[in-house]
Amino acid sequence: MTSSASFDTLESLQADIAELIARLPTLKNRQFIQQALATIVRLADTEIERLDWKILSAALADMERGFQLFYDYRHVRKVTIFGSARLAPDTPEYQMALEFGRAVSQLGFMVMTGGGGGIMQAGHEGAGRENSFGLNIQLPFEQEANPFIEGDPKLVHFKYFFTRKLFLLKESDAVALFPGGFGTQDEAFECMTLSQTGKFGPVPLVLIDRPGGDYWRSWSEYVDKQLVQNGLVSPEDPSLYTVTDNVDVACDAITRFYQVYHSCRYVGGKLVIRLKTDISDAQVEQLNANFSDIIIQGRIEKSQALPQEAQDETVELPRLILYFNQRDLGRLYQMIATINRMGTPSAEDAAHPERK
């Protein structure tokens, strides 16, 4: 197909669409391409506002940039860092984020931030430009790209917060939250909400204070007092996150999460948990005894890849399969922690926790 610049003329657009439709039967993801085209066709035949079309067009352009950027890095695990844009380099929080960025990059992970100053700049400074992604957004204040990512091809400019946040979470294999203002609080609670409802992850969420600080400890106490004790969230939901003021503890929480656990997906009504290494039948029995409360039918069973996973890059990995109730995500995180204590990763996996 010709470049997107050709869409400036109707004739070029017609030619590109005709070529795409002709190739559609041979394309790997033809089902989803067809669905996307059908949605556009249906919208074009309805009465929606000009602003609606502008939002749709700009959002698709945002996603195009994001998809193209991250495709070549899909096999490397990434850590998203959230925190205040207002914290100066001489603050303990900035230095903590710099140290954390350096530590996770040395473990092999790449670092993603919103690309601005403060904590975002600290993460990039610590990780280095070669290990950093910046997902920037245009704002009237506070949000120019920091000098450690400015000009790098891994810096992407988004028009909308929602598309930017989509990629900050979609591409993330761990989230580290440092102290911040309304935006950081929004990101913290959205991460918790999406994790609690199964719309994000499972991934490790680490809330990092400056040494001796109580920003996140006070936040966690509020969650316990006002949410857990009043029955507004489940008692197990704090298992979704780790609060610490120690970089080593934060890094360990991330690497330990992927010690045996690799990833998961749903196939039909079954949750398929992929493992880096097999666990014993006795250990599976232990899981059934300890976590039967989150299974709606049947048992936790060992399995190889299901037929629906034939094209999956993880097809060779061993699996656990269960009918998860899709409600008790805190308990699921507890089960993943138990699984990670059961198996012994290979020397290669232990040396490279960042590899998907």
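Author: A polar contact is a pair of N or O atoms within 3.5 Å; within protein, one must be able to donate a hydrogen and the other to accept it, and residues adjacent in sequence count only if both atoms are side-chain atoms. This is a predicted model, in which local features need pLDDT of at least 70 and side-chain atom pairs count only at pLDDT 80 or more, while totals for chains, interfaces and linings use all residues. Residues are numbered from 1 along each chain as its sequence is written, and side-chain values use heavy atoms, without hydrogens or water.

The polar contact in question concerns Ser132: a polar atom of the Ser132 side chain lies 2.8 Å from the backbone oxygen of Gly128. Ser132 belongs to strand β3, residues 132-137 (a strand is a DSSP run of E of at least two residues, a helix one of H or I of at least four, numbered from the N terminus). Ser132 counts as buried because its relative accessibility is 0% (buried is under 20%, exposed over 50%, partly exposed in between, with a 1.4 Å probe and protein chains only). Apart from its neighbours within four places in sequence, Ser132 is in contact (heavy atoms within 4.5 Å) with Met110, Val111, His124, Ala127, Ile149 and Lys154.

Elsewhere, helix α7 (residues 182-196) packs with helix α8 (residues 215-228): their axes, lines fitted to C-alpha atoms over the stretch in contact, come within 13 Å and cross at roughly 50°. From α7, Thr184, Gln185, Ala188, Phe189 and Met192 meet Tyr215, Trp216, Trp219 and Tyr222 of α8. By class, this contact has 7 nonpolar, 2 polar and no charged residues (Ala, Val, Leu, Ile, Met, Phe, Trp, Tyr, Cys and Pro count as nonpolar, Asp, Glu, Lys and Arg as charged, the others as polar).

Within α8, Trp219 counts as buried because its relative accessibility is 7%. Leaving aside neighbours within four places in sequence, Trp219 is in contact with Gln185, Phe189, Met192, Leu207 and Tyr241. Trp219 and Gln185 are 34 residues apart in sequence, and their C-alpha atoms are 9.7 Å apart in space.

In the loop between α7 and β6 (205-208) lies Pro202; the peptide bond from Gly201 to Pro202 is cis, with omega near 5°. Gln326, although not a glycine, has a positive phi of about 60°.

Methods
Axes are lines fitted to C-alpha atoms, for helices over the stretch in contact, and angles run from 0 to 180 degrees between N-to-C directions.
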